[in-house]
Every structure is written in structure tokens, then in C-alpha cells.
Amino acid sequence: MRNRFHPSLRAAALAVLVVAVAPAWSAAPSELLQGYAAQAGTATSPQRGEQFFNATHGKEWSCASCHGTVPTQAGKHASTGKPIGALAPSVHAQRFSDAAKVEKWFRRNCNDVLGRDCSAAEKADVMSWLIGLKP
Amino acid sequence: MSAGPLAGWRHVWACVSVAIFGLTHAAWADDKRASLVPPLPEYTQECASCHLAFPPGLLPAASWRRIMDNLPRHYGTDASLDPALTRKLSTWLEAHADTGKRAREQPSDDRITRAVWFVHEHDEVPAATWKLQAVKSPANCSACHTQAEQGDFRERNIRIPR
């Protein structure tokens, strides 16, 4: 069967589709990670990220206190007990897909766990570990 | 005494009064639907990540105001939001806050669970139940109130975990 659309028209339609979908792509976890890594200016390390995630940093809670030591599984809020969806993007597709949301939670949670903001390098390390986790 | 023509009516009135009392009493006992106010989507999104989106009618406006003015130090966690969103949520919470008799009390620490009415409503819950892993905190309404997320705290929807 012959295609009803001229090839150039099809190319144009494809271009429109790509532009329309691009904002979602631009917030892919790997791109957010690249942003933090570029800001940090050092190589990221998933191993360092895992240690950081599971360690306490002078306060009562670690990241794992709420998110669990296996972030491909659901966590539980350390004080309220409310279930928290898995952090690993391989399990929970919306994780690390919205830059503003990611920044908001790093700001709040780093303050709870470390009593300060996390550095770009710390964020990149943790994200690289989480992104690499398989279900 | 012979039954006059009104005796039958008296009987009817007695039944009607009993029925009216029964209905109003049942409605009072069963009207624990705290939030008939549809929740603001931003309220659910921002607050219900960590805890139930508590119905605004469970605290007086003054308590909500203090809570919203202190989000960076929110019961041991940083729950800060940007100023515009903080204002929007504050306005909504205060507009739908409790204004009834209970609102005369501002519970200590602005905690719903410290309010006199809350303590009274839960005085039959054994101490051991509060300590269960599935309960953990009196703020964990959903542990027993199965429809709490819909603002429904009615007796019939309570399932206490063992």
C-alpha cells in the first residue's frame, strides 16, 4: 500500500513530534546526573554514592532511614511510617525526571541528614548509584 | 380509661420522635467525615509525600498559620517550600480550618494528636497498639482509619491492626 504522505511531510511531522517530546527527554535521570557531574567537575562514583546513602552524617537519620537500604524497594518515612515509593528510576519511572522536584527534595533531605546542602559531587554520586540499580 | 380518638396519634408521634432521635443520633455518631472540602492538589502533592494530607478542619487557623510559618523546622524535618506555594497552602488551610467548638483549643505543639478531642476519641486504644510497627505514630491515621485519605474517619471503616 502506498503511503499517503510525501516524505518531506513525514519528516516535518517527525520533527514536530521530537520537539514536542523533547522537554520530557531533557529531564531524563541521566541528563540531570550529567548536570550535577558537570557542576562538580570531578568523576562520579556509584560506590561512593552507596556509602553516602547508607551512612549517617552527624545527625540521627541517613538517606536509608526513609528510603531503605535497597532503593529498588519501597521505603518508609522514619517518623510517620508512611510508605515511600522506590527511589530507583528503573523501578519508579518518575524518579529524577523533574529537575525542580529533585532540587527541592535534595534541599530538604540533605538538611535533615547532614544539616547542610549536599554538594553537586555528593548528589552526582548518589544519583549515579541509584540510576545503575536494576530491579 | 378507654382509648380515645387521639390514642392512635400518640402512638404515631411516639414512633416518629423515636425515629427522629435515632436518625439524628446515628448521624452525629457517624458523621466523622472531617474533610468534605476537596483537597487542593498542591496540598496533597506537597504534604502527603510524608504523611496523610490531614483534613484542614482538624486544626484551628492559628495552629495552621504557625505550622506553615515554620516549615523549615517541621516536627524534626525540613519541609520547606517556595514562598508563593507556602502562601497559597496557608491561605487554603486557614480558610478551611476548624471554626467549631473544638477550635477554641490550640493543641500543644499544634499537633492534632494532642487535642483534647483527639485524646478522648482514642482513649480506648490500648498502649500496645500505638507501639505496633504498623502504627508507629498517632499521626499515622491510615494505620487504622482505612478511608482516612478520603477524609472519612467513621467507626465502620476502622480496622485496628494486630
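Predicted model: local features only at pLDDT ≥ 70, side-chain atom pairs only at ≥ 80, totals over all residues.

Residues are numbered from 1 along each chain as its sequence is written, while chains are lettered from A and ligands numbered from 1 in the order in which they are written.

Chain A has six helices and two strands. These are DSSP runs, numbered from the N terminus: H or I of at least four residues for helices, E of at least two for strands. From the N terminus, the order is α-α-α-α-β-β-α-α.

How much of chain A is buried? Of its 135 residues, 26%. Buried means 20 or more other C-beta atoms within 10 Å of a residue's own; exposed means 12 or fewer; partly exposed is in between; C-beta atoms are placed from the backbone.

Now α2 of chain A, residues 29–40. It has twelve residues and reaches 16 Å from first C-alpha to last. That is close to the expected 16 Å, which is 1.5 Å times one less than the number of residues.

Which residues of α2(A) are buried? Leu32(A), Leu33(A) and Tyr36(A). Seen down the axis of α2(A), they fall within an arc of 100°, so they line one face. The arc is taken over directions from the helix axis to the C-beta atoms. On the other side, Ser30(A) and Ala38(A) are exposed.

After α2(A) comes Gly41(A), with a positive phi near 75°.
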